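Student: I have a structure open and want to go through it with you. Shall we take it piece by piece?

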Amino acid sequence: MKNITRSNLTDTVKSSFSNIDDERLKHLVNRLVHHLHAFATETKLTHDEWREGIAFMHRAAEISDASRSEFTLMSDVLGLSSLVDLMAARPGATEGSVLGPFHTRGSPWVGNGANLVRDNAGEVVLLQGRVTDIEGKPLANATIDFWQNADNGMYWQMDDSQPQDNLRCQIKVDADGHFELATIRPRPYLVPTDGPVGELLRVSHRDAWRPAHFHIIVEAPGYRSLITEVFDDADPWVEKDAVFGVRASLVRPFTPTTDEATAKRLGLPAHYLKVDLPIALARAD
Ligand SMILES: [Fe+2]
């Protein structure tokens, strides 16, 4: 049997994974072992610290379920989600931002110009946008997947007082790439702090606030899917997002608007807020 020593351990572990067939997966596992071992070596990780790290992961698993991923939140507060987003950016395309833990597939399809306000309290917002390629050509086959929180700061999954699928929908853009929907102004909110990620934020004296935002996924055949957020420039928390999701290009004005014809056409109050959102998608690699 080979004698495992401090000097040959890391290479021995790496070679134990050398028969992975998928080249990319083999590379990822190799580098994971490399950096994990380097982390433990650099920090002189103790048994107690290693056990606490394992217990932390256990607590994250125990509090996670189909509608809550503590691991996604952990990735978010460590900045890993934003790092992956930023590395995926393409010149000329709209910037991405974190998916967050409250997206689920299968939101109801609604017609362009739908009104999601229904019984929701809050300031009415008309969100308008146009989906194009990076040269400005409209993408008539694009779809929008939209979700946000209610005026009390909560998403419908967290709040028994909201009907299922409140303030979320999917929309097909029109032939010129335009879409519009009426909704309410989103609110800043606290990321969940009752799990181990909350422990990490507290011990770090960090805030758990996220600035008010809309979540949007834009997809079009032949183009890179865009997962992004639109932030309210009047919200002071844009300066200090707990999950590092803010990009200057995604911070938009919520402009007070009075437009009788539009208000009548979409069933809006006479005075509403308008947010314009041009979206450019890069071609799929
Ligand atoms: Fe969110």
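Student: Is Ala-150 buried or exposed?
Tutor: This is a predicted model, in which local features need pLDDT of at least 70, side-chain atom pairs count only at pLDDT 80 or more, and totals for chains, interfaces and linings use all residues. Residues are numbered from 1 along each chain as its sequence is written. A residue is buried if 20 or more other C-beta atoms, placed from the backbone, lie within 10 Å of its own, exposed if 12 or fewer, and partly exposed in between. Ala-150 has 22 C-beta neighbours inside 10 Å, so it counts as buried.

Student: In which loop does Ala-150 lie, and which residues is it in contact with?
Tutor: Ala-150 lies in the loop between strand 3 (143-147) and strand 4. Strands are DSSP runs of E with at least two residues, helices are runs of H or I with at least four, and both are numbered from the N terminus. Contact means that the C-beta atoms of two residues, placed from the backbone, lie within 7 Å. Leaving aside neighbours within four places in sequence, Ala-150 is in contact with Asn-120, Asp-159, Gln-162, Asn-166 and Leu-167.

Student: How many Å apart in space are Ala-150 and Asp-11?
Tutor: In sequence, 139 residues separate Ala-150 from Asp-11. In space, C-alpha to C-alpha, the two are apart by 52 Å.

Student: How is strand 9 joined to strand 8 and to strand 10?
Tutor: Strand 8 (residues 213-219) pairs with strand 9 over six bridges, in the antiparallel sense. There, His-213 has Phe-231 as its bridge partner. On strand 10 (residues 251-252), Arg-252 stands opposite Asp-232. Strand 9 and strand 10 are joined by two bridges, and they run parallel.

Student: How many residues of strand 9 are buried?
Tutor: Strand 9 covers residues 226-232. It is largely enclosed by the rest of the structure, because the buried residues number six of the seven.

Student: Which residue takes a positive phi in the hairpin of strand 8 and strand 9?
Tutor: Six residues lie between the strands of this hairpin. The positive phi is near 90°, and the residue is Gly-222.

Student: Which strands pair with strand 5 in the other sheet, and in what sense?
Tutor: That open sheet of five strands has the order 1-5-2-12-11, with mixed pairing. Strand 1 and strand 5 (residues 178-184) run parallel and are joined by two bridges, with Asn-115 partnered by Ala-182. Arg-130 stands opposite His-178 in strand 5. Strand 5 pairs over seven bridges, in the antiparallel sense, with strand 2 (residues 124-133).

Student: Are helix 4 and helix 6 roughly parallel or roughly antiparallel?
Tutor: Axes are lines fitted to C-alpha atoms over the stretch in contact, and angles run from 0 to 180 degrees between N-to-C directions. Under 35 degrees counts as roughly parallel, over 145 as roughly antiparallel, 65 to 115 as roughly perpendicular, and the rest as oblique. The axes of helix 4 (residues 70-77) and helix 6 (residues 196-203) come within 9 Å and cross at roughly 25°. The two helices are therefore roughly parallel.

Student: Which residues of helix 6 meet helix 4?
Tutor: Helix 4 contributes Glu-70, Leu-73, Met-74 and Val-77 to this contact. Their counterparts in helix 6 are Pro-196, Val-197, Leu-200 and Leu-201.

Student: Which residues in helix 4 are buried, and what covers them?
Tutor: The buried residues are Glu-70, Leu-73 and Asp-76. They lie on the same side of helix 4, because their arc around the axis, taken from the directions from the helix axis to the C-beta atoms, is only 115°. What covers them includes helix 3 (47-63), helix 5 (80-87) and helix 6.

Student: What percentage of the residues in the protein is buried?
Tutor: The protein has seven helices and twelve strands. Of its 285 residues, the buried ones make up 29%.

Terms used. Pairing = 2+ DSSP bridges.
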